[in-house]
Amino acid sequence: MHLDFKHFVFDLDNTLYSASSAFFDLQLRNMSDFIIEKLKVTRKEADFLREEYYHSFGTTMHGLMHHHAIDPYEFLAVIDNVPLERLRLDGELLGMLNDLKAKGKHLSIFTNGSLYHADRVMSKLSLNQVIEDVVTLECTGLVPKPDPKAYQFCFERLNIDPKKAVFFEDSSHNLIPAKQMGMATVLVNADDMAHARFIAHPEIDYFVQDVPSFLKGDFLEKRV
């Protein structure tokens, strides 16, 4: 039943690789460095603003654009300048995604990251050999998840029927509009508050340790 979907849509960071790699932490540090440089604040203040804007605007970048008129492309260039050594290819995941593709399933990535970042990470993890369709911030005209307009763009660009789609994310707030628009929703366990987020949001259908766990039917919890 959990594999009956036609479309498998994945977030990228901390979803198609483990949050335990701490790779995304490199981008978070670059975000704070950018804020320190542009706003002349302390690191503690920068870390606070980074998280505050993320939760209020969907991305830190959009909060900085709104309040401080920063150049989004300058911001993306800075945060994307990270080494890839922490990322490790997941052979089990690639095998499972190949099996889905062989069965005629449509696989795609829907990320708030840049095209440059998505290309680098996908190439490093060999995901580009399995997943061809990618929607990034540039594709949506810089409209981020969880704005419903970003999801609608994704559906139209990739010809996705949300009622036949499942969406995988590590950010619970990005799953809420997905569910409201008809998708099945899967929260990947990326930190020690993930279970609390599953409890708090009835829009989340499945809570899993990682993507392979879902594909094997190994759920931490589920509502459907």
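At what relative accessibility does F214 stand, and does F214 count as buried or exposed?

Author: F214 counts as buried, at 0% relative accessibility. Buried here means under 20% relative accessible area, exposed means over 50%, and partly exposed covers what lies in between, with a 1.4 Å probe and protein chains only. The model is predicted, so local features need pLDDT of at least 70 and side-chain atom pairs count only at pLDDT 80 or more, while totals for chains, interfaces and linings use all residues. Residues are numbered from 1 along each chain as its sequence is written, and side-chain values use heavy atoms, with hydrogens and water left out.

The contacts of F214 come next. Apart from neighbours within four places in sequence, F214 touches H2, L3, F5, F8, V166, F168, V186, Y206, V208 and F219; contact means heavy atoms within 4.5 Å. F214 is also among the residues with the most contacts inside the largest nonpolar core, together with F8, F10, L16, L97, I131. That core has 36 residues. A nonpolar core is a set of buried Ala, Val, Leu, Ile, Met, Phe, Trp, Tyr and Cys residues joined through side-chain atoms within 4.5 Å. Helix α5 (residues 91-102) gives this core its largest share, five residues. Helices (H or I, at least four residues) and strands (E, at least two) are DSSP runs, numbered from the N terminus. A second core of 19 residues is separate, and A150, F167, M183 and F207 are included in it.

Rings of Phe, Tyr and Trp (its six-membered ring) pair if their centres lie within 6.5 Å; planes under 30 degrees apart are stacked, over 60 edge-to-face, and the rest tilted. The count by this rule is 14 aromatic pairs. In one of them, Y206 and F214 have ring centres 5.1 Å apart and planes at 85 degrees, so this pair is edge-to-face. Y206 is buried too, with a relative accessible area of 6%. F214 and Y206 belong to one aromatic cluster, which they form with F5, F8, F10, F168 and F219. Another edge-to-face pair is that of Y17 and F23, 5.6 Å from centre to centre with 80 degrees between the planes; both Y17 and F23 are buried.

Two rings carry a charge over the face. The rule asks for NZ of Lys or CZ of Arg within 6 Å of the ring centre and within 35 degrees of the ring normal. R223 lies over F198, at 4.0 Å from the ring centre, and K145 lies over F110, at 5.1 Å.

Most residues other than glycine have a negative phi, and most peptide bonds are trans. The bond joining K145 and P146 is cis, with omega about 10 degrees, and P146 lies in the loop between β3 (133-135) and α7 (148-158). S126, not a glycine, has a positive phi of about 60 degrees. S126 sits in the loop between α6 (115-124) and β3 and counts as buried at 13% relative accessibility. N159 likewise has a positive phi, near 55 degrees, in the loop between α7 and β4 (165-169). N159 is exposed, with a relative accessible area of 66%.

Last, the cysteines. A disulfide is a pair of cysteine sulfur atoms within 2.5 Å, and a search of the whole structure finds zero. The sulfur of C139 is 9.2 Å from the closest cysteine sulfur, in C154, which is too far for a bond. C154 counts as buried, at 2% relative accessibility.
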